[in-house]
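Biologist: I've got a model open and I'd like to learn how to read it. Could you walk me through a few features?

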Amino acid sequence: MDTPNTSKTPVTLLGLGDMGTALARAWLTAGHPLTVWNRTPGKADPLTAGGARAVATPAEAVASATGPVVLCLLDDASVGEALDGTDLNGKDVVNLTTNTPAQARQRARWAEERGARFLDGGIMAVPPMIGRPETGGYVFYSGDHALFERHREALEAPAGAKFVGEDPGHAALHDIALLSAMTGMFAGITHAFALVEPEKDLDRARFATLLAQWLGAMSPAAHGIAAQLESGDYTEGVTSNLAMMTAANDTLLATAQDQSVDARLLTPYMELMRRRVAQGHGDEGLAGTVGLLRSE
C-alpha cells in the first residue's frame with residue numbers, strides 16, 4: 001500500500017465488513033490518510049498494519065474527521081446507532097450503507113438537522129471489484145452536488161462515481177432498480193437451466209455461453225422501452241408486439257410442463273402481458289406493462 005499522502009483528502013470510514021474493508025484497502029492503496037472504526041475492533045488490525053488509524057468509538061472518528069465521514073454498515077438502523085450522540089455539525093457525511101430511497105431521504109434530513117452535509121450512495125459492485133477499475137464497478141451518489149464535487153477524487157479511488165441527482169433518494173433508487181432487474185435476469189437464467197437440466201448429454205458450459213450471449217443481445221431493449229415511456233407512444237419501434245409475445249408464451253409454458261419445470265418464475269410477467277393485450281394494446285411493445293405494476 002502507498003504511504004498516506006498529506007496532499008490527498010483524509011477519509012474516515014465507519015464499518016469494516018467485507019465491503020468496508022475493500023473500500024478501506026482501496027483508499028490506503030490510493031494514498032488517502034484513513035481513519036477507521038468498527039464494532040469489532042480486531043477487524044481493523046490488518047488495515048492499521050497498512051497505515052490506517054483505528055479509533056475506539058464513532059464519536060472519536062467523527063470528531064477527528066477533516067474529510068468525508070463514510071458509513072458502510074449493516075443497515076439504516078446501524079447508521080443511526082453509530083452516529084447517535086456524535087457531533088455532526090460541519091461534517092461531510094457519505095452514507096454507503098444499503099437502504100431504501102425513503103430511508104436515504106430521511107437520513108439526509110436527519111444529518112442536515114444536525115448541521116452536516118450529506119451524500120447517499122449505492123454501490124454497484126461486490127467487494128472483489130473494489131479498487132479494480134477494469135471490473136467496471138461503480139457507486140451511485142445523490143444529494144449535495146457541491147459535496148460530491150469537493151470529494152470526487154476520494155470517492156473515485158475505490159470505484160467509479162456517478163452522480164444521479166440532488167434528491168438524496170435517487171442513488172438508492174438507481175441501485176435498487178438495477179438490482180431488481182438483475183434479480184429478474186437471474187430468475188430467467190434459473191428457469192433456463194431448469195429446462196435443460198434433464199438432458200444429460202447437453203453441454204452446460206456451452207449452453208451458458210449461448211445464454212449469456214443471448215441476454216446481452218436482448219439488453220438494448222431497455223433503450224426502446226425508455227424511448228416509448230418518454231414519448232408516450234408504446235408502439236414506437238416495435239418489432240415483436242405484445243400480442244405475438246403473449247401467443248408465444250403458450251409454447252414456453254408447454255415446454256416447461258413437458259420438461260417438468262415449475263413456470264412460476266415466468267408466469268407473473270406473462271400475466272401482465274396478457275392483461276395488457278386484453279385491454280386492447282396487443283400492438284404495443286413492453287412499455288405498457290410498466291403502468292400495470294404501479295399502484296397509484
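Biologist: Which way does helix 4 pass helix 5, in a left-handed or a right-handed crossing?
Modeller: You judge by the near helix: turned anticlockwise from the far one by less than a right angle is left-handed, clockwise is right-handed. Here helix 4 passes helix 5 in a right-handed crossing. This is a predicted model, where local features need pLDDT of at least 70 and side-chain atom pairs pLDDT 80 or more, while totals for chains, interfaces and linings use all residues. Residues are numbered from 1 along each chain as its sequence is written, and side-chain values use heavy atoms, leaving out hydrogens and water.

Biologist: At what angle do the axes of helix 4 and helix 5 cross?
Modeller: Axes are lines fitted to C-alpha atoms, for helices over the stretch in contact, with angles from 0 to 180 degrees between N-to-C directions. For helix 4 (residues 76-83) and helix 5, the angle is roughly 15 degrees, and the axes come within 11 Å. Under 35 degrees counts as roughly parallel, over 145 as roughly antiparallel, 65 to 115 as roughly perpendicular and the rest as oblique. Helix 4 and helix 5 are therefore roughly parallel to each other.

Biologist: Which residues in helix 4 and helix 5 meet?
Modeller: Contact means heavy atoms within 4.5 Å. Asp 76, Val 79, Gly 80 and Leu 83 in helix 4 meet Gln 103, Arg 107 and Trp 110 in helix 5.

Biologist: Where is Asn 99 found?
Modeller: Helices (H or I, at least four residues) and strands (E, at least two) are DSSP runs, numbered from the N terminus. Asn 99 sits in the loop between strand 5 (92-95) and helix 5 (101-113).

Biologist: Is Asn 99 buried or exposed?
Modeller: Buried means under 20% relative accessible area, exposed over 50%, partly exposed in between (1.4 Å probe, protein chains only). Asn 99, at 5%, is buried. Leaving aside neighbours within four places in sequence, Asn 99 is in contact with Ala 104, Asp 120, Ala 172 and Ile 176.

Biologist: And Ala 263, what does that residue touch?
Modeller: Ala 263 lies in the loop between helix 11 (242-258) and helix 12 (267-278), and is buried too, with a relative accessible area of 13%. Beyond its neighbours within four places in sequence, Ala 263 is in contact with His 191, Leu 253 and Ala 256.

Biologist: How many helices and strands does the protein have?
Modeller: There are 13 helices and eight strands. Of the 296 residues, 39% count as buried.
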